[in-house]
Amino acid sequence: MGEKTYLQAISDGLRQEMRRDKRVIVIGEDVGVYGGAFKVTLGFQEEFGPWRVIDAPLSETAILGGATGAAIMGMRPVAEMQFADFISCGWDQLVTVAAKQRWRAGTPIPITVRLPSGGGFSGGPFHSQNPESSFAHIPGLKCVCPATPADAKGLLISAIEDPNPVLFFEHKHLYRRVKGEVPDERYTTPIGEARLHQEGDDVTVVTWGAMVYTAAEAAAKLGDLSVEIVDLRSVMPWDREAVLASVRKTSKALVLHEDTRSGGFGAEIAATIAEEAFEHLDAPIKRIAAPDTPVPFSPPLEQAFIPQVDDVVAGLRELAEY
Amino acid sequence: MATGTAVDVVMPQMGVSVSEGTVTRWLKSVGDHVDADESIVEISTDKVDTEVPSPGTGTLTEILVHEGQTVAVGTLLGRIGDAGAGPAAPPPPSGASVAEPATQAATDAATTASSEGDVAPGEDRVTAAEPESHDGHDRTFVSPVVARIAAEHGIDPASVPGSGRGGRVTKKDMLAFVERQQGAAPAVPAPEIPAPAREPASAQPPPGPPQPEGGEGVEPMNAMRRGIAEHMRRSLDTAAHVTSAIEVDMSKVVAIRDRLKPEYQRSYGVNLTYLAFVARATVETLRDWPWVNAELRGESIVTHNYVNLGFAVALEGGKGLIVPVLKHAEGLNLLGMARGVADLAERARTKKLLPDDVQGGTFTITNPGSFGTFHGTPIINQPQSGILGTYAVVKRPWVIRDENGNDAIAIRPIMNLTLTYDHRLVDGAYAGGFLHDLRARLETSGEADY
């Protein structure tokens, strides 16, 4: 057990799996000699060789198609998108081939796609997106969005172990900002199981990724309000029971995500709460999300775009006073 | 002060066989404004409990049948008159700081379509109208969770002080109110003595309840209890009850259920119970023994080419019983049966049965086995001629014949079944034949036979 950053936890977890299981390979742009855009795979090629840490051409189609083919041949590839945004170039291989192969032919596709996502550093519209809801909508894909270093390692190992394609959304803003205790030994965090970030009685916040910390900061500012924060951890499949149990307790729900609002995964959660826990609600379900625009480049505009602590404070206050 | 447009509120007919109902709660007080179709009074019959929608818009001017009184269908329960026709409205919710006469005028103005002459000269309605209507609008919104708690505890949300926006009653307000109420209630509930009606209702008011003596608690029977008491007595006075029992080796049913149960749960969200198997086998067996599925009507024997299967469902805490009916059960496969039983039980417990759901049964199954009882002599649900009792499935040492023709003792899941039948119509041999065939069906049917 030691304190690690979110980035170290991902890197260590991946290295541990590669040492344990020769079927685990890494493929991506600059993941080898350069060690990856964010240095997650730094030193991997020296240790595991160029056949297991493959520098791919500048083609997400090649990366995802190659990973899918390798999976069919019995490997367990971990593909890296340099930025989550670039996954759109590989959409066809992922959505048409990988997601449906098991359904069509019964062939498991145990690939993990690492997706550095999220904004907050003026990365602009091509380097800041949170596209999890687009892929949560595709049957055959799983989507995980860890918020803590321990969950980042545990969910990465679960993703590699899983027989389905799993999209691993790692939030760039958390890479070096968040530290936490991470067990040294191998362990898995179950996909589809939420984590109670903090217990409370008055309002439930359902969120994931970096927004877990935004919610916690907002809750800390409202000392008189008892806020329960459900960190979903997995967006597909998602832990309906944990969310519904919390809402049945507090009767008020705020769904918070960094992705844009319309068709964001928060809409699915809000609809499910309305369907399944209607008779337990004491206020309208509230959503806080980014507006329906591309991510702005300018820092003040980006601040206005990404939900901030004060936005969540205002939302919680509104629910409390309702 | 015209009263020419007064509307009568009468005890409704809640199903063909229902002749009377009990007023359980008035949701409005005399002087309250009521909108058309808004729930005005709760009634209870021996079939269902329900709310009666207001037949018109106006002010509740008179309550003629008070809570706890039972009257015949069609009896006048109360009257709704024009706004202003009734006694003075109650004072406004606390927080309104306007003087009372002005508020009264505003209320009248707001609720009267044409109010010329009703407003006393000199009253300034403008000062009061705005805050009153604003406050009133927000207070009346009842959130789903507040509505649920209110219904569970029989509380009118309007009587609870609200701390939410615009005075809305929040869940916390409601829970605090319930807690205060429960804390204030005496250990032994005082008997509810119905207030005397202002005008005598057409039916005689019930005689006063007995006064409790030392150590006794007295509470009035509710409509369902009265219905059960009357029905049970009448059935025993009508039918010649005889009960026969048979033991069934449930090995095959257990094996099929073990195999199908996870799939039913996963694919359909349906809990596959032993009861569903017994019900399926019963429906099939009744085809060969039609008099068990028949009734005596006067001098005639009436048989059915369908099975409307009643299931006795115990209500919360074992107090109260209702027998919802699965119509045309002969057309259901095992999945349909399991789903139908679960649906009826759920709606019985959540009080969502409709009058038609509890009528028209031709045969009934009662299942006290969940408590572990192994035998019983249930009472027939009139006018049917039989009721099947199913009991706990228990592992017992059982003598079987092995493949070499030798007797051996095996451990087998055994269930007792009883058939209680009306000997006026069904004789012992006939009932025995039915039970014999039912057992054979349960012991030999394969998955495909269900």
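Colleague: In what order do the four strands of the open sheet in chain B stand?
Modeller: In this predicted model, local features need pLDDT of at least 70, side-chain atom pairs count only at pLDDT 80 or more, and totals for chains, interfaces and linings use all residues. Residues are numbered from 1 along each chain as its sequence is written, while chains are lettered from A and ligands numbered from 1 in the order in which they are written. The strands (DSSP runs of E, at least two residues, numbered from the N terminus) pair when DSSP finds at least two bridges between them. The pairing is antiparallel, and the order is E5-E4-E2-E7.

Colleague: Which strands of chain B stand at the edges of this sheet?
Modeller: An edge strand has a single partner strand, so one side of it is left without a neighbour in the sheet. From one strand to the next, the twist averages 40°. The edge strands are E5 (49-53) and E7 (70-72).

Colleague: What percentage of the 450 residues in chain B is buried?
Modeller: Chain B contains nine helices (DSSP runs of H or I, at least four residues) and 18 strands. A residue counts as buried if 20 or more other C-beta atoms, placed from the backbone, lie within 10 Å of its own. For chain B, the buried share is 33%.

Key: Buried ≥ 20, exposed ≤ 12 C-beta atoms within 10 Å, placed from the backbone. Axes fitted to C-alpha atoms, helices over the stretch in contact; angles between N-to-C directions.
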